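Please look over the sequence and the structure before reading on.

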Amino acid sequence: PHGRVFNFSAGPAVLPVEVLEQAQADLLNWRGSGMSVMEMSHRGKEFQSIIDAAEADLRALLAIPDNYTVLFMQGGASTQFSAIPLNLAGEGDTVDYIVTGSWSKKAAGEAKKYCKVNVAATGDNKSVPDPATWNLSADAKYVHYCDNETIQGVEFKGPPAVGDKLLIADMSSNFCSKPVDVSKYGLIYAGAQKNIGPAGVTIVIIRTDLMGNARPITPTMLDYAVQAGDQSMYNTPPCWSIYMCGLVFAKMRADGGLPAVQAANEKKAKVLYDTIASSNGFYSSPVDPAVRSLMNVPFTIPSSADLEKEFIGQAAKRSMIQLKGHRSVGGMRASIYNSMPLEGTQQLADFMREFAAQHA
Ligand code: PMP
């Protein structure tokens, strides 16, 4: 319907049709306000009700404990790479980073500008080194890791055991894709544009007692205590993006919450991983089965890079787009975030079988 494609982009990514339709219906006149959400003052009661509902629904979805603060920030997850060390560590302090792919590597690189970074473990981009072997520093202010490496398709299946260390997770590409025990974390952050909305807003969930220690040079916009004090409205927030995330959160709650989302995601991922496994080696998944991502499924055609190109081109002609792997790793990648329907993965699997039969 609507001439829409199956969009396998890693982000910005597919959103639920019902949410887009709701946004369309609200566009000219949001609930009798006489204006769109893009036009209303962030200081008015209308927008206040939108951001309050978005936060309440997110809190309900993730069962966020009362001693955590939810912030709606800007600058993408990349800006958090700086905000985290600036707020949580001094210049001479040590912080631990676990590198399991491109994004955690970038996060560690940025943190080096602000404090002493100990890369406590480095993966091979296909697996996660056993947490028991991580070389954690005795005095690290926190341990940072990326819960789902979007490019490599490597996903943790639960919070890593780091004892009493403060755990920080980049959940940009698997945020709200499954239930998470927030109490295990000091801070969780995620850009919106994969699972929950359009680009422009970044969610930060922080244990409240950790705020208030930002270095004096921290840009005011990045100071968690300032943002919390102003209820994420120190300056003009990305109102439209927050509104869209709110619509997605409300729909997720109505659809059964995160257990239902996880069940659907497991089913979709299984369709693709099973198709790869039963292709007699025509397709290959580079990732350790124990940590294969439910969100980003990289795969290759080991026999021929030309066939990979052909595959991507033919898929696009059948309205399955954005299947090219990240330029740094090549091959294919199907991103199947929450809003990708099961039907999309089934259609892709059918095409994979057909293509393999033609070219094997
Ligand atoms: N972390 C992860 C895991 C990501 O996938 C991305 C975006 N692809 C980022 C961080 C950077 O996000 P942003 O573009 O919002 O800065």
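Which helix gives the most to the shell around the ligand? In this predicted model, that helix is H3, spanning residues 76–88, which contributes three residues to the shell.

**Ligand surroundings**

- The residues around the ligand are Gly 11, Gly 76, Ala 77, Ser 78, Trp 103, Cys 146, Thr 150, Asp 170, Ser 172, Ser 173 and Gly 191.
- Sorted by class, the shell around the ligand holds seven polar residues, three nonpolar residues and one charged residue.

**Annotated domain**

- The unreviewed UniProt entry carries the annotation "domain: Aminotransferase class V", and this annotation covers residues 5–348.

**Packing of H1 and H6**

- Helix H1, made of residues 17–26, and helix H6, made of residues 239–254, have axes that come within 10 Å and cross at roughly 130 degrees.
- The crossing of H1 and H6 is right-handed.
- On the H1 side the contact involves Glu 18, Val 19, Gln 22 and Ala 23, and these meet Met 244, Leu 247, Val 248 and Lys 251 in H6.
- By class, this contact of H1 with H6 comprises five nonpolar residues, two charged residues and one polar residue.

Terms used. Residues are numbered from 1 along each chain as its sequence is written. This is a predicted model: local features need pLDDT of at least 70, side-chain atom pairs count only at pLDDT 80 or more; totals for chains, interfaces and linings use all residues. UniProt positions are given in the numbering used here, feature names are shortened, and annotations may be inferred rather than shown by experiment. A residue is near a molecule or strand if its C-beta atom, placed from the backbone, lies within 6 Å of it. Helices (H or I, at least four residues) and strands (E, at least two) are DSSP runs, numbered from the N terminus. Ala, Val, Leu, Ile, Met, Phe, Trp, Tyr, Cys and Pro count as nonpolar, Asp, Glu, Lys and Arg as charged, and the others, Gly among them, as polar. Axes are lines fitted to C-alpha atoms, for helices over the stretch in contact, and angles run from 0 to 180 degrees between N-to-C directions. A crossing is left-handed if the near helix is turned anticlockwise from the far one by less than a right angle, and right-handed if clockwise. Two residues are in contact if their C-beta atoms, placed from the backbone, lie within 7 Å.
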